Amino acid sequence: MPQLSRYGAIGQASATFSVSKGDTCIEMLVVAAIIVILASAVMPLAKVTAQRNREAELRRSLREMRTAIDRFKDAADLGIIGSLDLKAGSENYPADLRQLVDGVTAANDATGRKLKFLRRVPIDPMLHSAEWGLRSYQDKPDSTRWGGQNVFDVYTTFGGTALDGTKYKDW
């Protein structure tokens, strides 16, 4: 039985493979082209994912503020908020968003306890600021300016369009 070496059987011719330098360069170009194609497919997906995350954060922020406004209104209607903290003609809505954070005094409470409805004013994820569009109870629904009497509703002032085709201002 012939002895085997790493090059094949002793005394037998073995086939050798030689790779030219040109083949390696072409292979590298093909791999680079595939990577570019995959990256170009991933980039739009990453942008849509980032926008979807900002939209979800905007919805959470709006829901948080609107819930706080509703809780303030309910507390004022039930007489839980002291009358000195309610502005005349405000229809029992908060004067501004800051009042929801700073709090109001509880009615018939000598301890000076404050009722707070928000921990902080959320940041608008579209504009990266704490400035929100406000509507008062007395404003017309299509009004673009805040009347200043109270805060009935909040909205983003960003003028873009959402992934579902609606305007962010209409949320």
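Across the protein chain the mean pLDDT is 86, with 87% of the residues reaching 70 or more. Where pLDDT is low, the predicted coordinates should not be read in detail.

Helix α1 spans residues 21–77 and includes isoleucine 26. Together with Val30, Ile34 and Leu38, Ile26 makes a nonpolar surface patch of about 380 Å². Helix α1 also holds arginine 60 and glutamate 57, which are separated by about one helical turn because they lie three residues apart in this helix. These two residues, arginine 60 and glutamate 57, form a salt bridge in which the closest N and O atoms are 2.9 Å apart. The count of salt bridges in the model comes to seven.

Empty space was examined next. Rolling a probe the size of a water molecule over the atoms shows where such space is left. The largest pocket contains about 150 Å³ of space, and its lining is formed by Arg135, Pro141, Asp142, Ser143, Thr144, Tyr155, Thr157, Lys169 and Asp170. When these lining residues are grouped by class, four are charged, three are polar and two are nonpolar.

Definitions and conventions
Residues are numbered from 1 along each chain as its sequence is written. This is a predicted model: local features need pLDDT of at least 70, side-chain atom pairs count only at pLDDT 80 or more; totals for chains, interfaces and linings use all residues. Side-chain values use heavy atoms; hydrogens and water are left out. On a 1 Å grid over the protein atoms alone, a cavity is a set of points where a 1.4 Å probe fits but cannot get out, and a pocket is an open set with protein on both sides within 12 Å along at least five of seven lines; lining residues have an atom within 4 Å of a point. Grid points are joined across faces, edges and corners, and a volume is the space filled by probe spheres set on the points. Ala, Val, Leu, Ile, Met, Phe, Trp, Tyr, Cys and Pro count as nonpolar, Asp, Glu, Lys and Arg as charged, and the others, Gly among them, as polar. Patches are made of residues with over 30% relative accessible area and no salt bridge: like charges are joined within 9 Å, nonpolar side chains (Val, Leu, Ile, Met, Phe, Trp, Tyr) within 5 Å. Accessible areas come from the Shrake-Rupley method with a 1.4 Å probe; for residues, only the protein chains shown count as cover. A salt bridge is a side-chain nitrogen of Lys or Arg within 4 Å of a carboxyl oxygen of Asp or Glu. Helices (H or I, at least four residues) and strands (E, at least two) are DSSP runs, numbered from the N terminus. pLDDT is the predictor's confidence in each residue, from 0 to 100.
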